[in-house]
Amino acid sequence: MGVVIKGGKIITDTDSYYADLRIENEKIVSIGSNLEIEGDEVVSAQGCYLLPGAIDPHTHFDLDAGSTVTADDFRSGSKAALIGGTTTIIDFATQNKGETLKEGLNNWHKKADQKCYCDYGFHMAITDWNENVSSEMEEMKDLGVTSYKMYMAYKNVLQVNDSEILDALNKSKEIGALMSFHCENGDIIDFLVNKAKNNNELSPKYHAITRPDDVEAEAVYRLIKLAKMADVPIYIVHLSTKRALEIVTTERKNGAKIYVETCPQYLLLDESCYEMDKEDDFNGAKYVMSPPLRKKEDQEYLWNGIKNKDIDTVATDHCSFNYKGQKDLGRNDFSKIPNGSPGVEHRLSLMYTNGVLKERITLNQMVDLISTKPAKLFGMYPQKGTISVGSDADIVIFNPDYKGQISAKYQIQNVDYTPYEGFAQIGRVRDVFLRGNRVVKEFLICDKSLCGKYIHRK
C-alpha cells in the first residue's frame, strides 16, 4: 500500500509543474497522473505547492556553550524543524580539546540517536588539530562524515591558526572532504572586547561594536588565499556583510572555489536591534550572535547576492538560549551573553514571505537555497533535496494562502522568544512527509515517534 499526493504543484530547483506523486517504501516511486493502486491512501494537495523537504546544514542542538547548554536539544529542535518544513538537519559534532574525532562524533550520536524527529547528519568541528586528527579524517568517511568545520574566532576555545587551516585544507583535498569555516578574526575580537570592558562598555550593543565587518572581511580574504594555496574548495558559514561578499565574488573571478552560506537573520534583521529598548535595556541580548547583525545596506547586498547566485545556501545557525535564565548571564557583561538565536522553525516561511513574495527570489531559487544545494554540497543528492523518482519521499505540502504572524507564543522551539516576533507570515507548511511517513498533518505533528535516521553522507 502506498500514498498518492494529488493536485499539488511540484516545485524543484529547476521546474514547476502540476502532477501527482506516489510514495511507497519510503521513496517516490512515480510522478504523473492516475497513479493510484487499490488500497493507496490519497492525500489532496489542491491549491498547495509540493516542495522537497528542506535541509538545514547549520544547527547547534544540545550544545554546551561553557556557561550553559542550548535550550533546544535534538528532540525539541528536530520537532521544530519538521513543523517548519525541514526534514533533514546537519549539526556540528564538536571535538573537545584532547579528544579524537571519533570520540567527538560518538558524543553527538549519544545526544541525537533515537531522539530526533527528522533525519540528521553531522559535520565534524575540529578544535584540536594534530597528526592523529589528520589521519582520522580518512576514517570519518566510513562513518558518514564528509564535511568539517574550523573556527577562526573564539580565541583560546575553538580558534585554530593559519598553519592548522592550511594543513587541514591539504588533507581535505587528499580525501575529498569539504571544509567549512567561521570567518572572524578572533585575535582582533579578543583585543576589542577587552578594550570595551576596560572602558566599562558592557551593554549588549558592544557585542556588535567589538565584531565590526572588518574582522569578517579580513578572515574571509585570508581564508580564501589559504584555500587557493591548497587548491581546494571551501564553504563559508553565515556570511553577513557586503564587504565579505565583495571579496568572495572578486576571488571567484580569479579562480577561487568558494561556497557561501548566509542566514535569515542577516537578511531580515539589522544592528538597530541592539539599541536600548525603553522598557528593557537588555533586550538587545536576544540578538547577540556571531557574526552580529549588520547594517541595512548589508541586507540588501546579500539579497542581491542570492538573486545573482553569489550565495549558495540559506541555513539558520539555530543556537537557542532562553532570554530569561540564559541570555541574562551576561546582563552586566556583554561578553558573557551566550551567543546564538533560534530560527530552524521559521526559515522556509521567512524566505517565502520576504523573498519569493517580494520578488527577491523565485520559488525555484528558494528550493535550491534551502534544499537542493545543501543536498548537493553535503553528499545527500539525489537521495534528498529534490522531488524525483527514486528520491526519499521527503515532501512538504505548503499552503500559500495562510496569513498570520510569527510569535514565540505558538512556536515549537523550546525557547522563550523569537527574533522574528510580529513578522508577517504568508504561507505555511501544512503537511510533511519524512521518507513517506506523514509526520505533520494540518499544521500539527501527527507522528509522535522519533523516526529520524542518521544519514551516511557521500
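Visitor: What should I know about the model and its numbering before we start?
Guide: This is a predicted model, in which local features need pLDDT of at least 70 and side-chain atom pairs count only at pLDDT 80 or more, while totals for chains, interfaces and linings use all residues. Residues are numbered from 1 along each chain as its sequence is written, and side-chain values use heavy atoms, with hydrogens and water left out.

Visitor: What is the strand order in the open sheet of 4 strands?
Guide: The order is S5-S4-S1-S6, with mixed pairing. Strands here are DSSP runs of E with at least two residues, helices are runs of H or I with at least four, and both are numbered from the N terminus. Two strands pair if DSSP finds at least two bridges between them.

Visitor: Which strands stand at the edges?
Guide: Strand S5 (27-32) and strand S6 (41-44) do; each has a single partner strand, so one side of each is left without a neighbour in the sheet. The twist averages 20° from one strand to the next, taken between axes that are lines fitted to C-alpha atoms (for helices over the stretch in contact), with angles from 0 to 180 degrees between N-to-C directions.

Visitor: How do the pairs run, parallel or antiparallel?
Guide: S1 (residues 3-6) and S6 run parallel and are joined by 4 bridges; Lys 6 stands opposite Ser 44 there. S1 and S4 run antiparallel, with 3 bridges, and S4 and S5 are also antiparallel, with 5 bridges.

Visitor: Which residue is the bridge partner of Val 4 in S4?
Guide: That is Arg 22, and the bridge partner of Arg 22 in S5 is Ser 30. In the hairpin of S4 and S5, 2 residues lie between the strands, and Asn 25 takes a positive phi near 50°.

Visitor: Is S4 (residues 20-24) mostly covered or exposed?
Guide: Mostly covered: 4 of its 5 residues are buried. Buried means under 20% relative accessible area, exposed means over 50%, and partly exposed is in between (1.4 Å probe, protein chains only).

Visitor: Turning to aromatics, how many pairs does the structure hold?
Guide: There are 13 aromatic pairs. Rings of Phe, Tyr and Trp (its six-membered ring) pair if their centres lie within 6.5 Å; planes under 30 degrees apart count as stacked, over 60 as edge-to-face and the rest as tilted. One of the pairs, Phe 282 with Tyr 323, is stacked at 6.1 Å centre to centre and 20° between the planes.

Visitor: Where are Phe 282 and Tyr 323 placed?
Guide: Phe 282 is in the loop between helix H9 (264-268) and helix H10 (296-307), and Tyr 323 is in the loop between strand S15 (313-314) and helix H11 (347-356), 41 residues apart. Both residues are buried.

Visitor: What sits over the ring of Tyr 323?
Guide: The charged end of Lys 286 does, 4.9 Å from the ring centre. The rule requires NZ of Lys or CZ of Arg within 6 Å of the ring centre and within 35 degrees of the ring normal. Elsewhere, Arg 428 lies over the face of Tyr 402.

Visitor: How many disulfides are there?
Guide: The count is 0, where a disulfide is a pair of cysteine sulfur atoms within 2.5 Å. The sulfur of Cys 118 is 4.5 Å from the closest cysteine sulfur, in Cys 116, which is too far for a bond.

Visitor: Where is Ser 391, and which residues does it touch?
Guide: Ser 391 lies in the loop between helix H12 (363-377) and strand S16 (395-405). Its contacts (heavy atoms within 4.5 Å) include Glu 26, Lys 27 and Pro 382, not counting residues up to four places away in sequence.

Visitor: Which peptide bonds are cis?
Guide: Among them are the bond from Ser 290 to Pro 291, with omega near -5°, and the bond from Tyr 381 to Pro 382, with omega near 0°.

Visitor: Is His 238 buried or exposed?
Guide: His 238 is buried, with a relative accessible area of 2%, and has a positive phi near 30°. Asn 200, with a positive phi of about 60°, is exposed at 59%.
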